[in-house]
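Dear colleague,

Please find below the structure that I am handing over to you, together with its sequence. My notes on it follow directly after.

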Amino acid sequence: MSGTVERPVGIDTLLERVREGYRRIGAREAHEAARAGEALLVDIRYAALRERDGLIPGALVIERNELEWRLDPQGSHRIPEATGHDLRIVVVCNEGYASSLAVASLHQLGLYRATDLTGGFQAWRSEGLPVERTGG
């Protein structure tokens with residue numbers, strides 16, 4: 001047997017490390033940035049949560065499993081809004097955990113201005129910011 005086995009990093013430590021690499025933003029700042037056309041809000045919550053809680057008006061809905069393919073400006077499956085690596089993207093999940101991991105992945109693709117919404121959709125709603133009801 002050789003060497004020592006490195007202890008795996010737990011999710012809390014992983015989140016801390018990921019979040020040290022960028023500045024997260026709050027709901028009001030995200031709202032203002034989107035309203036001013038300075039940021040693209042991307043909602044990665046799954047369908048059942050969107051149907052239950054509603055949508056952020058103007059936010060793009062991109063399922064988490066498609067996020068990198070849709071936002072990579074060099075990707076063949078990118079959305080029209082994915083125009084360059086300097087695009088300011090605010091990823092929104094339900095409570096602000098999964099979005100941090102998604103941002104880490106976007107940073108690896110060179111989307112260096114990607115960030116996420118602290119507290120996720122629940123923080124947005126708690127601030128009384130606009131929410132559209134869905135048909136469900």
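I begin with Glu127, which is partly exposed at a relative accessible area of 38% (buried means under 20% relative accessible area, exposed over 50% and partly exposed in between, with a 1.4 Å probe and protein chains only). Please note that this is a predicted model, in which local features need pLDDT of at least 70 and side-chain atom pairs count only at pLDDT 80 or more, while totals for chains, interfaces and linings use all residues. Residues are numbered from 1 along each chain as its sequence is written, and side-chain values use heavy atoms, with hydrogens and water left out.

Salt bridges

The side chain of Glu127 forms a salt bridge with that of Arg28 (3.0 Å, N to O); the term stands for a side-chain nitrogen of Lys or Arg within 4 Å of a carboxyl oxygen of Asp or Glu. Arg28 belongs to helix H2 and Glu127 to the segment after H6, so this pair ties together parts that are 99 residues apart in sequence. Helices (H or I, at least four residues) and strands (E, at least two) are DSSP runs, numbered from the N terminus. Arg28 is partly exposed, at 45% relative accessibility.

By this rule there are 11 salt bridges. Another of them joins the side chains of Arg24 and Asp116 at 2.9 Å, N to O. Since Arg24 lies in the loop between H1 and H2 and Asp116 in strand S4, the pair ties together parts that are 92 residues apart in sequence. Asp116 is buried, with a relative accessible area of 0%.

Asp53 and Arg125 also form a salt bridge, with their closest N and O atoms 3.3 Å apart. This pair links distant parts of the chain, with Asp53 in helix H3 and Arg125 in helix H6, 72 residues apart. Asp53 is buried at 4% relative accessibility, whereas Arg125 is partly exposed at 36%.

S1 pairs with S3 in the parallel sense over four bridges, and with strand S2 (residues 60–61) in the parallel sense over two bridges; two strands pair if DSSP finds at least two bridges between them.

The buried residues of helix H2 (residues 27–35) are Ala27, Ala30, His31 and Ala33. Viewed down the axis of H2, these residues fall within an arc of 165°, so they line one face of the helix; the arc is that of the directions from the helix axis to the C-beta atoms. Their cover includes S1, S3 and helix H6 (120–126), where contact means heavy atoms within 4.5 Å. After H2 comes Gly37, whose phi is positive, near 75°.

Asn94

Asn94 sits in the loop between strand S3 (89–92) and helix H5 (98–108), and counts as buried at 18% relative accessibility. Leaving aside neighbours within four places in sequence, its contacts include Arg45, Leu49, Asp53 and Gln122.

Yours sincerely
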